[in-house]
Amino acid sequence: MPDNPIAAAVRKALAEVDIPGGDKLASYSGLSEIIVTPSAVAFAISVEPGMEGAFGPARADAQRAAETVAEGRKVLVSLTADRAPSGAGQAGQAPQQRQAPPGKSPVAGLKHIIAVASGKGGVGKSTVSVNMALALLAKGLRVGVLDADLYGPSVPRLLGLEGRPAVREDGIFLPHEAFGLKAMSIGSMLEKDQAVVWRGPMAASAMRQLLRETDWGGLDVLVIDLPPGTGDIQLSLCQQVELDGAVIVSTPQDLALIDARKAMDMFRRLGIPLLGLIENMSYFIAPDTGARYDIFGHGGARKAADELGIPFLGEVPLHMAIRETSDHGTPLVATAPEGAEAGAFAAIAGKLAPVLA
Ligand SMILES: Nc1ncnc2c1ncn2[C@@H]1O[C@H](COP(=O)(O)OP(=O)(O)OP(=O)(O)O)[C@@H](O)[C@H]1O
Ligand SMILES: [Mg+2]
């Protein structure tokens, strides 16, 4: 398949970049595909474990070289030491010698960072992230949302974000602002319906840059909406930033809870505190009769939280209005703050706020 013209120009520019050993970067086997979106150019350089330092100057040169042909797009270059590439002829690099990931460091302008996770897809993480963020805002905190779901970003739709975030002269993003929240999503940088294949290191790099190369402007808390499951993005995020903790969203079905347990287990192993469990789509109130239906066998999450010894943060009912407002980019907590559904999020925020003071 022919390269996109920008990708071809980047590749050509990388033919001038020296790498350790005397070759040029463009012909190096560890150079990834070059991804071009309307606002970004991204590629990864994977190197032998222990070679990160030696490749540092090549990475910086690659960044500069790509910027000269990126036509104003932001350039994201990641440098990762992965398992030894096959056939690279460097014997003796046993997997145990892999370098530990670089230490965690704070993110400028953020006091607290919490991640919203689930084992299973479609349980309402994004809906909960946005409405919980708005409920925290209503408590007087300065709040932002980072959409870390590179594979299926939904924050632009939920908050009605339009267009791309502005980029400062020095390349730093200025986040969108909606309903008083600061918001960043990779979805804002892609064309509608554009599918992007993120290879592991590239996804990690894109995440790092969305998080660290954004002028958050001083927030009490950043809520990170994660993709479902326990993949690369979750791992790299946990390795690179000190999270205050994770909030797990689950539906009441047992199956979902089995998956939720896997997600919890991952955070435990990584030493990330579990701030609590939220049961979403917990029960259904019929709009006409007001009758309550526990369609999924309500209460499973509370029981699981008790068993696992983590706080139960609350239940969010299954409600048409939650879905409709999400689809219209007018989140319920901002547009109908007096309603019972918004009340459910307010109660959750009330339990979390003390941790984030
Ligand atoms: N409490 C609720 N009541 C009614 N609809 C809901 C509720 N929570 C979420 N939904 C709807 O369910 C669908 C999935 O929600 P959402 O996108 O938030 O889930 P997710 O866990 O983030 O999904 P993914 O795993 O794809 O990221 C959306 O259409 C959303 O509007
Ligand atoms: Mg989501």
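Analyst: Leu-277 touches Ile-248, Ser-250, Met-264, Ala-301, Ala-304, Ala-305, Ile-310, Pro-311, Phe-312, Leu-313 and Gly-314. Residues up to four places away in sequence are not counted. Contact here means heavy atoms within 4.5 Å.

This is a predicted model: local features need pLDDT of at least 70, side-chain atom pairs count only at pLDDT 80 or more, and totals for chains, interfaces and linings use all residues. Residues are numbered from 1 along each chain as its sequence is written, and side-chain values use heavy atoms, with hydrogens and water left out.

Leu-277 belongs to the largest nonpolar core, which has 49 residues. Such a core is a set of buried Ala, Val, Leu, Ile, Met, Phe, Trp, Tyr and Cys residues joined through side-chain atoms within 4.5 Å. Leu-146, Leu-211, Ile-224, Ile-248, Phe-267 and Leu-277 touch the most other members. Apart from this core lies another, of 38 residues, including Ile-114 and Leu-352.

Now the strands (DSSP E runs of at least two residues, numbered from the N terminus). Strand 12 spans residues 274-285, and nine of its 12 residues are buried, meaning under 20% relative accessible area with a 1.4 Å probe, protein chains only.

Strand 12 has several partners; two strands pair if DSSP finds at least two bridges between them. Strand 11 (residues 245-250) runs parallel to strand 12 over five bridges. There, Ser-250 stands opposite Glu-279. Strand 14 (residues 312-318) also pairs with strand 12 in the parallel sense, over five bridges. Phe-312 of strand 14 is the bridge partner of Leu-277. Strand 13 (residues 292-293) is antiparallel to strand 12, over two bridges. Tyr-293 in strand 13 partners Phe-284.

Note on methods. Chains are lettered from A and ligands numbered from 1 in the order in which they are written. Buried means under 20% relative accessible area, exposed over 50%, partly exposed in between (1.4 Å probe, protein chains only). Helices (H or I, at least four residues) and strands (E, at least two) are DSSP runs, numbered from the N terminus.
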